[in-house]
Amino acid sequence: MTGPGLGPWAGVPCMLMRGGTSKGLYFLATDLPSDPAERDALLLAVMGSGHPMQVDGVGGAHPLAAKVAVVSPSQREDADVDYLFLQLGVDEPTITDRQNCGNILAGVGPFAVERGLIAAGEESTTARIHMVNSGTVVAATFATPGGVVRYAGDTAIAGVPGTASPVLLRFAGTAGSATGSLLPTGRVADVIDGIEVSCVDNGMPVVVARASDLGLTGYEPAEHLDHHEVAGRVQALRLAAGKLMGLGDVSGLSVPKTTLVSAPRDGGTICTRTFIPVRPHTSIGVLGAVTVATAMLLPGGAGAELARLPAAGHVIDIEHPAGHLEVEVELDTAGDPPLVRRAGVVRTARKLFDGTVYPSATAR
């Protein structure tokens, strides 16, 4: 295996960043093999996937810390950079490009400035990012005083200690990101094994169900949901939903995600517990939250009657195990299917290290 100008199994330039509530490795596409199979093998070796602790790699032994962003100058006139997201497995050496990641997305703009792919503004910079996985473009605005990315700030997001500089993400064209339709089954609600669900794709394919229908309160700490009984029921639900959504056999994929909803109890709009794909999420993904918020706005959606929608405005406050995530979703329900007018969210990102990462020699 070789990288461009690097030689067999040489180290690869890499930046580790926290994007939102995830951590990931950020690479320039030119620093990785051009052949996708060779690239994927290298990334799996770098991450240490195939061992539950990822002990021989730099992965964090959790799906939220086994993520990769591959960034390059965009070939599109309406975008500055291309961003390919790859989700790597932990216990198993798997890798997939079948989904986006809105948390890792938060670090793409700053990374592009750091690597010289785009010029920084004197106060702030707006990067037009083409999400290769879905073909959509998002605008990311972040602070660059004096032309330098500022990571320090006073914005706090649930699930991350301390504060950092905000990154404003404005989405467009996210409906049907992976399935081609906001409502991939053609219906607002379906019944799977006696459980009513809503299968929605507004940036992330998600199966939404009431927690009570699975015998849960929906307020359990994430670690209390990490056992075989819950995992088995979630897996059965998403396998059936995957076929209904046109995704085929999803047993080896991390999508669709499953989110269980219950009435809010901390002043939010809806309370959630999410699984990726069967492991409990310690918070909720950005695009997953956008999709769940969309589901709550659909008349007749599974669990929508539990939501306490705002009297004015379009901000939906999603409660999750680590706190709250506010997303803005404007939905026109007059059409069939409904039309997503806009979506947005504030995240933060921070550079953790920048250097050279080395793949395991035993993985050759």
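Student: Which residues lie nearest the centre of the largest pocket?

Tutor: This is a predicted model, in which local features need pLDDT of at least 70 and side-chain atom pairs count only at pLDDT 80 or more, while totals for chains, interfaces and linings use all residues. Residues are numbered from 1 along each chain as its sequence is written, and side-chain values use heavy atoms, with hydrogens and water left out. On a 1 Å grid over the protein atoms alone, a pocket is an open set of points with protein on both sides within 12 Å along at least five of seven lines, a cavity is a set where a 1.4 Å probe fits but cannot get out, and lining residues have an atom within 4 Å of a point. The largest pocket has 27 lining residues, and those nearest its centre are Pro63, Ile276, Pro277, Val278 and Arg279.

Student: Which element supplies the largest share of the lining of the largest pocket?

Tutor: Helices (H or I, at least four residues) and strands (E, at least two) are DSSP runs, numbered from the N terminus. Strand E6 (81-88), strand E7 (95-96) and helix H4 (228-244) are the elements that give two or more residues to the lining of the largest pocket. The largest share, four residues, comes from H4.

Student: What is the volume of the largest cavity?

Tutor: A search of the whole structure for cavities of 30 Å³ or more finds three. Grid points are joined across faces, edges and corners, and a volume is the space filled by probe spheres set on the points. For the largest cavity, this volume is about 170 Å³.

Student: How many residues in the lining of the largest cavity are charged?

Tutor: The lining of the largest cavity consists of 20 residues, with Met204, Lys257, Ile276, His281 and Gly285 nearest its centre. Ala, Val, Leu, Ile, Met, Phe, Trp, Tyr, Cys and Pro count as nonpolar, Asp, Glu, Lys and Arg as charged, and the others, Gly among them, as polar. By these classes the lining divides into seven nonpolar residues, eleven polar and, as charged, two.
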